[in-house]
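User: Please take a close look at a single part of this model for me and start from one residue. I would like to know what surrounds that spot and then how other parts of the chain are arranged.

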Amino acid sequence: MKMKTVKVGRNDPCPCGSGLKHKKCCLGKSAPGIVELEETYARKYRIRLKKSVDIEGIRKAGRLVLDTLDLLESEIKPGITTDDLNTLAHAFTIKNGATPAPLKYRGFPKSICVSVNEVICHGIPGNRVISDGDIVNVDVTSILDGYYADANKTFFAGTPGPDARKIVDVARECLRRGMSAAEPGNTIGDIGWHIQTYAEAQGCSVVREFVGHGVGFGFHEAPQVPHFGHKGTGIGLVPGMVFTIEPMINLGKKELRILDDNWTAVTKDGRLSAQFEQTVLVTENGVESLTPYE
């Protein structure tokens with residue numbers, strides 16, 4: 001993999017990921033080689049950079065995730081239960097030779113997460129009936145040939161109201177802006193800053209307790225990717241990093257509570273929450289989604 005030459009200022013974070021300013025670290029030195037970079041990121045951050053064969057495996061799993069989301073989107077309508085969606089997703093995943101990663105993960109009892117209206121994330125499919133005007137987030141992670149890919153979307157059931165339209169639009173744009181910042185030479189903090197700045201400018205809030213994460217060899221890998229933060233902070237982004245960006249955006253305040261099932265997170269004020277997620281790859285020239293959708 002050929003490294004892209006990135007223009008970095010003297011006082012910018014060093015692209016090697018040391019956390020030091022460029023002038024205090026690698027300025028004037030030759031750029032680190034690929035092997036050196038892999039070893040550094042594994043040793044310092046427990047981040048395993050992905051090679052071409054790994055990227056193709058994750059991309060293949062990502063295509064199945066998207067096909068699953070497309071199937072469920074066609075079925076989301078008033079009257080269907082969240083468990084109906086789980087049944088469809090489970091059968092489709094197995095039929096395609098894959099395994100649903102959430103099933104039995106730390107005791108999670110279902111194959112997907114379905115989060116409706118005030119549910120922020122980790123909604124357990126059950127007998128909840130979807131009603132007209134609901135917003136329904138579906139989170140799918142599939143394991144195919146040993147590789148993991150993770151994505152989610154928030155859908156409308158029936159005719160949404162103005163609050164539903166607003167929070168879904170804001171969450172979708174937050175993902176787009178976060179992804180645009182995931183390029184070599186930037187940092188994880190740049191991703192969060194772009195998301196938080198936009199969400200709060202729209203009068204919405206960003207959930208702090210749940211973050212994006214590395215993915216590919218496992219369900220949850222290093223690094224963690226907060227959806228809030230400051231420019232130029234955190235680990236430097238380099239080619240071969242694969243992680244999710246999955247901002248959870250609340251229409252009201254950012255605070256949440258966890259229900260008695262110890263999984264379902266809901267907004268504390270009972271207002272709507274929406275989320276969009278993709279698995280992204282930092283490339284030599286920018287960023288590529290391995291679960292691409294508009």
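**One residue and its surroundings**

Leaving aside residues up to four places away in sequence, D139 touches I112, C113, D150, A151, N152 and E277. Please keep in mind that this is a predicted model. D139 belongs to strand 4, which covers residues 135-144. Is this aspartate buried or exposed? With a relative accessible area of 12%, D139 counts as buried, because the cut-off for that label is under 20%. Across the chain, buried residues make up 53% of the 294 residues.

As background, strands of a sheet pair through backbone hydrogen bonds, either parallel or antiparallel. Strand 3 meets strand 12 (residues 265-267) in the antiparallel sense over 2 bridges. Within that pairing, V119 stands opposite V266 of strand 12.

Let me turn to a helix pair as well. Helix 4 spans residues 162-180 and helix 5 spans residues 188-201; their axes come within 8 Å and cross at roughly 150 degrees. Angles over 145 degrees count as roughly antiparallel, and helix 4 and helix 5 are therefore roughly antiparallel to each other. Their crossing is right-handed. Which residues form the contact of helix 4 with helix 5? On the helix 4 side there are V170, E173, C174, R177 and G178, and these meet I191, H194, I195, Y198 and A199 in helix 5. By type, the residues of this contact divide into 6 nonpolar, 2 polar and 2 charged.

Stepping back to the whole chain, there are 5 helices and 15 strands. Among contacts between residues at least 6 apart in sequence, 68% join residues at least 24 apart. To come back to where we began, D139 is a buried residue of strand 4, and E277 is among the residues that it touches.

Notes. Residues numbered from 1 in each chain as written. Predicted model: local features only at pLDDT ≥ 70, side-chain atom pairs only at ≥ 80, totals over all residues. Heavy atoms only, no water. Axes fitted to C-alpha atoms, helices over the stretch in contact; angles between N-to-C directions. Helix = DSSP H or I, 4+ residues; strand = E, 2+ residues; numbered from the N terminus. Parallel < 35°, antiparallel > 145°, perpendicular 65-115°, else oblique. Left-handed = near helix turned anticlockwise from the far one by under 90°. Contact = heavy atoms within 4.5 Å. Nonpolar A, V, L, I, M, F, W, Y, C, P; charged D, E, K, R; others polar. Pairing = 2+ DSSP bridges. Buried < 20%, exposed > 50% of the residue type's maximum accessible area, 1.4 Å probe, protein only.
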